[in-house]
Amino acid sequence: MAEVVKMPKMSDTMTEGVLAKWHKKVGDKVKSGDVLAEIETDKATMDFESYQDGTLLYIGIQEGAAAPVDSVIAILGKEGEDYKSLLDQAGSGAAAEPAKEAAPAADKAPAATPAPAAPKVGLSSIPATVIRMPLLSDTMTEGTIEKWNFKVGDKVKADDSLADVATDKATMEVVGYEAGTLLYIGVKEGEAAKVNDIIAIVGKEGTDITPLLQDGGSAPAAEAAPGAEAKTEASASATATAPESSSDDDSRVKASPLARKIAKDKGINLNDVKGSAEGGRIIKKDVEEYTPSAKPAAAAEAAPAAPSAAPAAKAPIVLPTFTGEEKFSERPVTQMRKAISRRLSESLFTAPHFYVTMSIDMDQAIVARTRMNEIAPVKISFNDFVVKACAVALRQHPAINSSFLGDKIRTNEHVHVGVAVAVDEGLLVPVIKFADGKSLSHISVEVKEFAGKAKSKKLQPNEMEGSTFTISNLGMFGVDEFTAIINTPNACILAVSGIQAVPVVKNGAVVPGNIMKVTLSADHRVVDGATAAAFLQTLKQLLEEPVRLLI
């Protein structure tokens, strides 16, 4: 008797899974213990094994698509067994419709059938695989194709990197996991596609992929369907790119995504840069060390010479005139900037912020830091002092170490401090986990390591998750005072300014002092003003008497 295979719950927080790869196809024999598929959860990609023997009669979800936990993804049974009733019982009537229509189409295949019947052919019988925009981070909703490494008609291997995709966190490679010919490209370079949208199709050369596009394509894909065959797509691609091809076109030059981005920002043509990596591939170092030739400089010097002659001829003019040129530059919004915009807008307009500012005397902290750095294995910064002091203070004020979760408030018993790090495209927040139990030296090493990874786009998602409190420090820029937007679901974020040398009153006398202002942004749904003030008071005591941090 046929049995339904449902999307398993592979982690405690999993609500849906993405079918990364099928290891069996319809009609294959399956034994108990065989790996049916690879499923991508919110934690990792895992093998999904079959718990029964039989023939794979039905596949309900294509590779790259997502399905909720407990939804039908396959059916196993005896060869030729009718499984339609199982789909109806599982509430998958919509999913069963293509299966019902497929049988009549197959019966009519020997006879002369009209052209519209072609899309009704079972999709599993088409020797081609749809490549969809993968979910490359937990907050990703869409990705931008920065570069295609192949063109339509090229042969690709299972482990080839098809394209470079910019997400909200980093630029990553998309691997097709299929060998064959690249039959279709659905998203042009520089354009964005939502997660699970069709971006390419790989299969046997000459395959008609129209049914695949009509079945699972978006509107742009459907418009491209009439020219979906490999040869037509290849000629269309060639026609589209022909007018743009010139000696200035560096799109086919071998270069890393980061090197290409830096070159674009600096206006450098990669055709002029010599690559030092394997196979002549251009990397970041090559672009940064590249020196333009003297020709552009000479042209630039010659250009202003012509207009300068005109004003010289106008002798009667007494007052000098200046004519400016209106110009501007535009750049597309990156995935990272889109994510920052979305998350901070949601935070500011959803969480009722209030702000509490306090001045802290840093004289003793300056003395303690100087003494510590004489013997410490690593250089300790004032930011490390702030991270440690906040972690200790959070232990004493658990309400600040909380999160608003809609119908409940979670008070965290662990202390994970997020440290905002500025990068070229925006902001990343790596997390110092269990910061209250770590020494200043340990915190210093982790912060420096995370900052380096953030700037080179090598931070892993698990290194940016789980913060219970966040610190944003602009002290190195000499900022007097500022406020920060809460990094939800945290209840608070601390904005740290620079240490200012100002006159202060001590023991009735005006003396030189070193003052640092901090401002706590708090979510009023979780924290009240008195609670925020008490936290800052404890933080002030810890920083003004740093010996407390060592107790």
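## Exercises on a predicted model

Let's start with helix α10 (residues 335-350): its 16 residues, at 1.5 Å a residue, should span 22 Å, and its end C-alpha atoms are 22 Å apart, which agrees. The expected span is 1.5 Å times one less than the number of residues. Helices (H or I, at least four residues) and strands (E, at least two) are DSSP runs, numbered from the N terminus.

Before going on, note that this is a predicted model, in which local features need pLDDT of at least 70, side-chain atom pairs count only at pLDDT 80 or more, and totals for chains, interfaces and linings use all residues. Residues are numbered from 1 along each chain as its sequence is written, and side-chain values use heavy atoms, with hydrogens and water left out.

**Exercise 1.** Find which residues of α10 are buried, and what they pack against.

*Solution.* Step one: buried means under 20% relative accessible area, exposed over 50%, partly exposed in between (1.4 Å probe, protein chains only). In α10, Gln335, Met336, Ala339, Ile340 and Ser347 are buried. They cover an arc of only 135 degrees around the axis, which puts them on the same side of α10; the arc is that of the directions from the helix axis to the C-beta atoms. Step two: look for contacts (heavy atoms within 4.5 Å). The buried residues of α10 pack against several strands, including β10 (142-148), β12 (161-166) and β17 (353-361).

**Exercise 2.** Work out how β25 pairs with β24 and with β26.

*Solution.* Two strands pair if DSSP finds at least two bridges between them. Step one: β24 (residues 469-473) and β25 (residues 492-506) run parallel and are joined by four bridges; Ser472 has Ala495 of β25 as its bridge partner. Step two: β25 and β26 (residues 509-523) are antiparallel, with 13 bridges, and Val502 has Gly513 of β26 as its partner. Step three: the hairpin of β25 and β26 has two residues between the strands, and Asn507 takes a positive phi near 55 degrees there.

**Exercise 3.** Describe the aromatic pairs of the structure.

*Solution.* Rings of Phe, Tyr and Trp (its six-membered ring) pair if their centres lie within 6.5 Å; planes under 30 degrees apart are stacked, over 60 edge-to-face, the rest tilted. The structure holds two such pairs. Tyr58 and Tyr83 are tilted, 5.5 Å centre to centre with 40 degrees between the planes. Tyr58 lies in strand β6 (residues 54-59) and Tyr83 in the loop between β8 (72-77) and α1 (84-89), so the pair ties together parts 25 residues apart in sequence. Phe469 and Phe535 have ring centres 5.7 Å apart and planes at 55 degrees, so this pair is tilted.
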